[in-house]
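I am opening my notebook on a structure that is new to me. I will look up a few spots and write down what I find.

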Amino acid sequence: MNKINVAIVGATGMVGRTFIQVLEDLEVPIGELTLLASEKSAGKKVVFRGKVLTVETLTEEALDPQRFQYALFSAGAGVSLRFAPVAASRGITVIDNSSAFRMDPQIPLVVPEVNFSAVGPQDHLIANPNCSTIQCMLALKVTQELFGLSRVLYTTYQAVSGSGYRGVEDLERTLKGEAPQFYPQPIADNCLPHIDVFLDSGCTKEEQKMMDETRKILDLPGLPVSATCVRVPVKNGHSVAMNVTTEKPLDLPLLAKALASTEGLRFYSEGYPTARDASGQDLVLLGRMRRDDSFPNTFHLWTVADNIRKGAATNAVQILMKLMEERA
Ligand SMILES: NC(=O)c1ccc[n+]([C@@H]2O[C@H](COP(=O)([O-])OP(=O)(O)OC[C@H]3O[C@@H](n4cnc5c(N)ncnc54)[C@H](OP(=O)(O)O)[C@@H]3O)[C@@H](O)[C@H]2O)c1
């Protein structure tokens with residue numbers, strides 16, 4: 001594969017630093033790596049493949065297609081809204097980790113193993129889904145192909161790293177008995193059914209994102225989906241309990257066999273995976289699959305993943321690698 005030049009926008013953040021690690025781990029052939037963040041980080045040093053790189057300030061001038069052809073954005077929706085269209089208009093292909101463009105009908109929202117075909121040859125802006133959504137998509141896609149989907153319910157148990165450094169610091173702070181500065185209540189010894197802001201419907205924005213993004217990625221605009229999203233005092237690794245109803249009669253052993261042989265998943269037929277098992281690696285771990293006898297053709301499935309890796313950085317780098325293959 002030819003080498004490409006890449007920029008990371010938000011390179012000093014939790015996802016940004018993981019981008020750097022994942023680019024190393026997946027041995028992506030990079031020529032030059034440009035690191036961009038806010039003015040306060042300019043001059044910071046970061047090591048990539050043994051080479052010391054200097055963080056630069058993100059400005060419109062810094063988005064130079066002569067320097068890089070791809071940009072991985074992870075600096076929040078406001079930064080993406082302002083800078084990603086500028087980069088894309090100059091021919092730089094942006095993979096954006098924020099929520100800014102996910103529900104724009106013109107912009108593909110991609111989990112590469114599920115719907116990479118949504119990306120067209122001219123697309124210069126591609127959205128990476130929400131972390132808790134990403135980890136559910138492949139198992140749902142396998143189920144959809146075998147039996148069709150008629151309803152999906154999610155209950156999430158989301159780690160504080162999902163809020164970036166401020167979330168991790170608030171867990172550490174409140175574990176010491178200090179008052180929270182980031183979450184609305186102490187996250188230590190607690191569960192908060194409150195991720196992102198509340199909407200008029202009574203749902204939180206995180207819950208709405210999971211519902212909307214699931215329908216878009218699976219290309220099932222009418223699929224009934226419901227979610228309750230909960231922040232839990234886990235440092236890293238999101239867990240999601242899914243309850244899924246299929247259109248056709250459900251054959252659970254057949255589904256188990258299909259999930260166990262799907263690349264990107266590790267299926268536990270005995271025991272169960274936890275957030276600690278998922279943290280630091282790229283697979284989505286599945287377990288506790290069982291029939292839900294309270295409703296026809298319905299099953300439960302437990303899923304865990306590293307929300308910073310597969311839930312953010314790894315998914316984006318996998319999109320990048322597929323684009324490199326296609327556009328070489
Ligand atoms: N954490 C997760 O599990 C996760 C998963 C999926 C998606 N995301 C999304 O990814 C994005 C970043 O999340 P994170 O957890 O990495 O947050 P974070 O740890 O708070 O990092 C934020 C990054 O954005 C940079 N930044 C902030 N304002 C900027 C500006 N005006 N110009 C340039 N850079 C700026 C910061 O640079 P400085 O250090 O210089 O301030 C830092 O590099 C968010 O949109 C988030 O929703 C996060």
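I started with the side chains of Asn-236 and Asp-306, which a polar contact of 3.2 Å joins. The model is predicted, so I am reading computed positions here. I then checked Ser-161: its side chain makes a polar contact of 2.7 Å with the side chain of Asn-236.

Where does Asn-236 lie? I found Asn-236 in the loop between β10 (225–231) and β11 (238–246). Its relative accessible area is 18%, so I noted it as buried, the cut-off being under 20%. I also listed what Asn-236 touches beyond four places away in sequence, including Ala-159, Ala-275, Gly-280 and Ile-308.

Next I turned to helix α4, residues 131–147. I compared its span with expectation: 17 residues should span 24 Å, and the end C-alpha atoms are 25 Å apart, which agrees. I still noted a kink of about 35 degrees, centred on Met-137. I looked up burial too: 15 of the 17 residues of α4 are buried, so the rest of the structure largely encloses this helix. Just after α4, I saw that Gly-148 takes a positive phi of about 75 degrees.

Last, I went through the cysteines. How many disulfides are there? I counted 0 disulfides. Cys-136 is buried, with a relative accessible area of 0%. Its closest cysteine sulfur, in Cys-229, is 9.5 Å away, so a bond is ruled out by distance. Cys-203 is in no disulfide either; I found its nearest cysteine sulfur, that of Cys-229, 9.1 Å away.

Note on methods
Residues numbered from 1 in each chain as written. Predicted model: local features only at pLDDT ≥ 70, side-chain atom pairs only at ≥ 80, totals over all residues. Heavy atoms only, no water. Disulfide = S-S within 2.5 Å. Buried < 20%, exposed > 50% of the residue type's maximum accessible area, 1.4 Å probe, protein only. Helix = DSSP H or I, 4+ residues; strand = E, 2+ residues; numbered from the N terminus. Expected span 1.5 Å × (residues − 1). Bend = angle between axes of the 7 residues up to and from the residue. Polar contact = N/O pair within 3.5 Å; in protein donor to acceptor, adjacent residues only side chain to side chain. Contact = heavy atoms within 4.5 Å.
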